[in-house]
Amino acid sequence: MKSIKPRTAGLVLLGLCIGTLSLAGYSALPVMPLTDGHTVQLPSLAPVLEQVTPAVVNISSRGHVAIQNNPLFNDPFFRRFFDIPNNLPRERQTQSLGSGVIVDAQNGYVLTNNHVIANADEVTVTLRDGRNLKAKLIGTDKDTDVAVIQVPAEGLTAVPLGDSAKLRVGDFVIAIGNPFGIGQTATSGIVSALGRTGLGLLGVGGYEDFIQTDASINPGNSGGPLINLSGELVGINTAILAPGGGNIGIGFAIPINMARDVMQQLVKSGKVQRGQLGLQAQDLTPELARAFNIEQKDELRGALITQVAPGFSADKAGLQTGDVIIAVNGQPVRDASSLRNMIGLSALGGKVSLDILRNGKTRNFTLVLSAANNQSNPMPGGNAPPTGGDDPRLDGVVFGAISEDSPLAGRINGIPVVKVRAGTPAARAGLQPGDIVLTVNRKTVRTPDDLVNAVQGNRQQPLLLNVQRGEGALFIAIQPPK
């Protein structure tokens with residue numbers, strides 16, 4: 001079991017099982033007759049489980065991790081004074097229990113969680129029929145918590161892969177695993193929510209798009225399958241929300257579409273190589289949609305491009321700041337997180353088709369993914385003499401200038417924000433000291449005069465700012481005061 005302390009307190013990488021719910025209304029579900037003489041037939045999950053459970057495995061692993069000793073232990077005088085031996089252990093042995101699911105009977109491939117087999121020197125897979133098989137590591141991906149191992153392909157049963165994109169909140173699902181190492185256990189429940197992100201379970205840079213389900217979650221369920229009532233694999237059980245250390249009915253699973261894409265790369269090359277478009281984006285909010293004069297359709301969603309890096313795929317294809325990405329390869333983009341997942345899980349050098357909303361019209365672009373870029377943008381620096389205009393939307397905002405001796409000179413063209421008074425329209429919109437204003441109402445601003453000219457016009461409309469903040473950029477729509 002792996003326990004962590006993410007931003008949301010109590011999130012634990014464990015796996016999950018599902019609490020029992022009524023199956024009324026599923027007339028097509030296989031049934032098992034009563035055996036006490038009654039003629040009434042009751043719905044049962046037994047036929048589905050009989051097909052699936054032979055493909056669910058228990059996983060145990062042994063490994064070693066380095067011990068972080070106090071630096072004082074390296075001091076010979078300190079060791080002599082406290083009689084500390086020179087041969088302190090540098091590693092400790094680890095053991096882990098979890099679950100997995102066979103997804104390819106012909107080749108013996110098993111899907112599980114990365115945290116189940118992390119640091120493992122030896123992995124043993126136990127089948128439902130009692131066979132113990134030594135497993136070979138094919139590859140792991142920490143950023144999605146997916147791992148693929150391989151066992152001898154003799155007499156195996158695999159679970160067919162479903163389509164997690166078709167899941168709906170309220171769909172019935174079944175979780176199977178090995179809680180507390182007591183043996184294979186199946187429980188049921190529903191899909192409680194979809195597209196859960198920002199949980200901090202996978203650390204900085206992790207790709208989160210979890211299926212949430214009401215689940216009786218226990219240690220040992222990690223890596224086990226989440227299946228639908230057709231017996232198809234729709235998720236890999238991964239984590240729970242457990243503020244008190246126990247189950248409260250909030251569990252998370254990796255969508256099988258994400259796990260499948262990662263698995264294909266791991267099987268092919270043993271690692272995941274991610275590309276990027278060379279842009280930054282944020283969620284398209286109703287306020288930003290109004291500021292961009294985007295028609296408010298039902299559930300209009302997308303990722304608003306806030307910055308395009310020169311020389312990368314997006315720049316070469318002609319994408320622009322202010323474009324809204326609404327689909328990738330025909331799949332709708334919910335928000336910036338879903339865009340990041342779609343692109344980050346695509347292979348480096350692969351082609352992607354983007355549907356873009358620009359000036360009220362939809363356009364299509366085909367791009368080749370660039371190599372990942374690790375360069376970062378510097379934070380604002382230099383002196384900042386106060387400046388600004390009399391626009392009420394910018395009340396309480398003090399702007400400055402980038403000095404010639406600043407590290408930003410010649411690298412970023414914009415106007416730094418020195419101060420934002422609390423309670424003002426700009427503060428409520430999210431403008432912060434240290435932001436660098438790049439554009440105002442889609443017009444580039446490099447000097448205080450540019451800023452004053454850019455805010456001219458109807459002051460009853462939102463003021464749209466594109467700002468550089470740290471290593472990224474975002475749009476801020478400042479509403480006029482009422």
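## Strand 28 and its partners

Strand 28 and strand 29 (residues 443-444) pair in the antiparallel sense over two bridges, where strands are DSSP runs of E with at least two residues and helices are runs of H or I with at least four residues, both numbered from the N terminus, and where two strands pair if DSSP finds at least two bridges between them. This is a predicted model, in which local features need pLDDT of at least 70 and side-chain atom pairs count only at pLDDT 80 or more, whereas totals for chains, interfaces and linings use all residues. Residues are numbered from 1 along each chain as its sequence is written, and side-chain values use heavy atoms, with hydrogens and water left out. Within the pairing of strands 28 and 29, Val440 stands opposite Lys443, and the hairpin that the two strands form has two residues between them, with Asn441 taking a positive phi near 50°.

Strand 28 also pairs in the antiparallel sense with strand 27 (residues 415-420), over two bridges, and with strand 30 (residues 463-469), over four bridges. Val437 takes part in both of these pairings, being the bridge partner of Ile415 and standing opposite Val467 in strand 30. Five of the five residues of strand 28 (residues 436-440) are buried, so the strand is largely enclosed by the rest of the structure; buried here means under 20% relative accessible area, exposed means over 50%, and partly exposed lies in between, with a 1.4 Å probe and protein chains only.

## Strand 12 in its sheet

Strand 12 (residues 172-177) is mostly covered, with six of its six residues buried. Phe172, Ile174 and Ile176 point one way from the strand, Val173, Ala175 and Gly177 point the other way, and all are buried.

On the pairing side, strand 12 runs antiparallel to strand 13 over six bridges, with Ala186 of strand 13 as the bridge partner of Ile176. Strand 12 also pairs in the antiparallel sense with strand 15 (residues 225-228), over three bridges, and there the bridge partner of Val173 is Asn228.

## Nonpolar cores

The largest nonpolar core has 52 residues, and those with the most contacts inside it are Ile59, Leu111, Val125, Ile149, Ile174, Ile227 and Leu233; such a core is a set of buried Ala, Val, Leu, Ile, Met, Phe, Trp, Tyr and Cys residues joined through side-chain atoms within 4.5 Å. Helix 4 gives the most to this core, with six residues.

Leaving aside residues up to four places away in sequence, Ile227 touches residues including Val173, Ile174, Ile176 and Leu233, a contact being heavy atoms within 4.5 Å.

Helix 4 (residues 256-269) has 14 residues and reaches 20 Å from its first C-alpha to its last, close to the 20 Å expected at 1.5 Å a residue, the expected span being 1.5 Å times one less than the number of residues. Its buried residues are Ile256, Asn257, Met258, Ala259, Val262, Met263, Gln265 and Leu266, and the helix is followed by Gly270, whose phi is positive, near 80°.

The second largest pocket has a volume of about 930 Å³ and is lined by 31 residues, of which Ala165, Asp209, Asn257, Gln331 and Met342 lie nearest its centre. Helix 4 gives the most to this lining, with six residues. On a 1 Å grid over the protein atoms alone, a pocket is an open set of points where a 1.4 Å probe fits, with protein on both sides within 12 Å along at least five of seven lines, and lining residues have an atom within 4 Å of a point; points are joined across faces, edges and corners, and the volume is the space filled by probe spheres set on them.

## Asparagines with positive phi

Most residues other than glycine have a negative phi. Asn329, in the loop between strand 21 (324-328) and strand 22 (331-332), has a positive phi of about 50° although it is not a glycine, and at 45% relative accessibility Asn329 counts as partly exposed. Asn359, in the loop between strand 23 (351-358) and strand 24 (361-368), likewise has a positive phi, near 55°, but Asn359 is exposed, with a relative accessible area of 70%.
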